[in-house]
Amino acid sequence: MSDLPAILGGAAVRPEGPPGWPLPDGDIRRALAQLAESGDWGRYEAQHCESLRKEIATRHQRNHVLLTSSGTAAVELALRGLGVGQGDEVILAAYDFKANFTNVAMLGATPVLVEIREDDGQIDLERIPGAISEMSKAILVSHLHGGTVDMAWVTEMARQRGIAVIEDACQMPLAVVQGQAAGSWGDVGVLSFGGSKLLTAGRGGAIVTDRDDISQRVSLYNQRGNLAYPLSEMQAAVLLPQLESLPERRAKRAEAVAHLRECLSQRSALIAFAPSKSPQTDPDYYKLGFWYSSANCGHLSRERFCEAMRAEGIPVDPGFRALHKIHARRRFRVTGTLETADRADESLVVLHHPLLLEGPNGTNQFVQALDKVQRHATMIANR
Ligand SMILES: Cc1ncc(COP(=O)(O)O)c(C=O)c1O
């Protein structure tokens, strides 16, 4: 068999292509069949939404859960719940999901962008105090690409300064951060059930909070005779069984990531984000983040590298654009330099989670494809 990379006409490591998502699942099939039988699929709000709210509330040990139409909507509602508006500032990482910036700006507030860390790509905590001003209303922190943020530190610092915290756990629902469910640390936490997510209903999201005022404000905004940002019974019904399978899948993904980290050498084109240093932390991997070194890969561009890996059937993609690179300068404030966020904009790569459920087979395929692409990098670059 030809050892040429698939992008140059060789045989792909995974001829079947990248693994699909969601996986075929008997529990989901049964849930859908029951919905069809009961007619609940056509109702506005019935038992499944109520059960989902209860399950999420219990798992987060929070009083209020509001189901929403997406994670993006949940972030918007969380900001509204905190009363963020004109003249306020919201601190967030310069490398984060685009809609987090957009939501802040849309409410008339100013995003204040903070540097990220070299080792694990998460918001640099040491830079947060310097970003605080008298206009600071909230800090929005996301756990990204398998990394976690020290929420005990963030929440205590924010409490001392009288600033609210939104914890975006869209990428790791129900992972454990310092002994608590991700999303349960802040004044308000946010989840996503988007089509590619670890818990998926195609679309959807949730807000979790203990604060009655946030819950009331969000409900008032959302309730217009009917819900403006609803999650349907059908979505709730397919999410419920996934709550049960999530811990087992999380353990599998964590095992695969540990194996992957062992396999990557210093000379690899990819260096995985450093594992979390926080105690009692059990992250999850919607995407696993890597720094891409084109110097270790024949000076192949990151985009071309990702294309070559995808041609092998390995689901890797460039990361997000850094927020300061895609928005007009007048729309945000920055404190300090953003060198690592600049680097993320150019050289971050993410591996999509379904491969991590394939055990050693999946990780070996990843390593094999990486090796093949690296060995032929110059040839790929010149083609
Ligand atoms: C960190 C983060 N926050 C928010 C969202 C928004 O979620 P949704 O796609 O459900 O709108 C995403 C989606 O990928 C995300 O990664």
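## H8 against H12

Let's start with a helix pair: H8 (residues 233-263) packs on H12 (residues 359-375) at an angle of about 30°, the two axes lying 9 Å apart. Helices here are DSSP runs of H or I with at least four residues, strands are E runs of at least two, and both are numbered from the N terminus. Axes are lines fitted to C-alpha atoms, for helices over the stretch in contact, and angles run from 0 to 180 degrees between N-to-C directions. H8 and H12 are therefore roughly parallel to each other; angles under 35 degrees count as roughly parallel, over 145 as roughly antiparallel, 65 to 115 as roughly perpendicular, and the rest as oblique.

H8 passes H12 in a right-handed crossing, the label used if the near helix is turned clockwise from the far one by less than a right angle, with anticlockwise being left-handed. On the H8 side, Ala256, His259, Leu260 and Cys263 meet Pro360, Thr363, Asn364, Phe366 and Val367 of H12, where contact means heavy atoms within 4.5 Å. Sorted by class, the residues of this H8 and H12 contact come out as six nonpolar, three polar and no charged. For that count, Ala, Val, Leu, Ile, Met, Phe, Trp, Tyr, Cys and Pro are nonpolar, Asp, Glu, Lys and Arg are charged, and the others, Gly among them, are polar.

## About the model

This is a predicted model, so local features need pLDDT of at least 70 and side-chain atom pairs count only at pLDDT 80 or more, while totals for chains, interfaces and linings use all residues. Residues are numbered from 1 along each chain as its sequence is written, and side-chain values use heavy atoms, leaving out hydrogens and water.

## H1 against H8

H8 also has H1 (residues 26-38) as a partner, with an angle of about 150° and axes 9 Å apart. H1 passes H8 in a right-handed crossing. From H1, the contact takes in Asp27, Ile28, Ala31, Leu32 and Leu35, and from H8 it uses Met234, Ala237, Val238, Pro241 and Gln242. That set splits into eight nonpolar, one polar and one charged.

## H3 against H7

The axes of H3 (residues 71-81) and H7 (residues 212-222) come within 8 Å and cross at roughly 120°. H3 and H7 are therefore oblique to each other, and their crossing is right-handed. Glu76, Leu77, Arg80 and Gly81 of H3 touch Ile214, Arg217, Val218 and Tyr221 of H7. This contact has four nonpolar, one polar and three charged residues.

## Two domains

The chain is divided into domain 1 (26-242) and domain 2 (245-382), with bounds from an automatic or database domain assignment. Their centres, taken over C-alpha atoms, are 24 Å apart, and 48 residues of domain 1 are in contact with 46 of domain 2.

About 3,900 Å² is buried between the domains, 57% of it from carbon and sulfur atoms; buried area is the accessible area (1.4 Å probe) that two parts lose on being put together, summed over both. Within domain 1, Tyr95, His145 and Leu198 lose the most area to domain 2, together 18% of what that side buries.

In the segment before H1 sits Pro22, and the peptide bond from Trp21 to Pro22 is cis, with omega near 0°. Gln61, in the loop between H2 (47-60) and S1 (64-68), has a phi near 50°, a positive value in a residue other than glycine.
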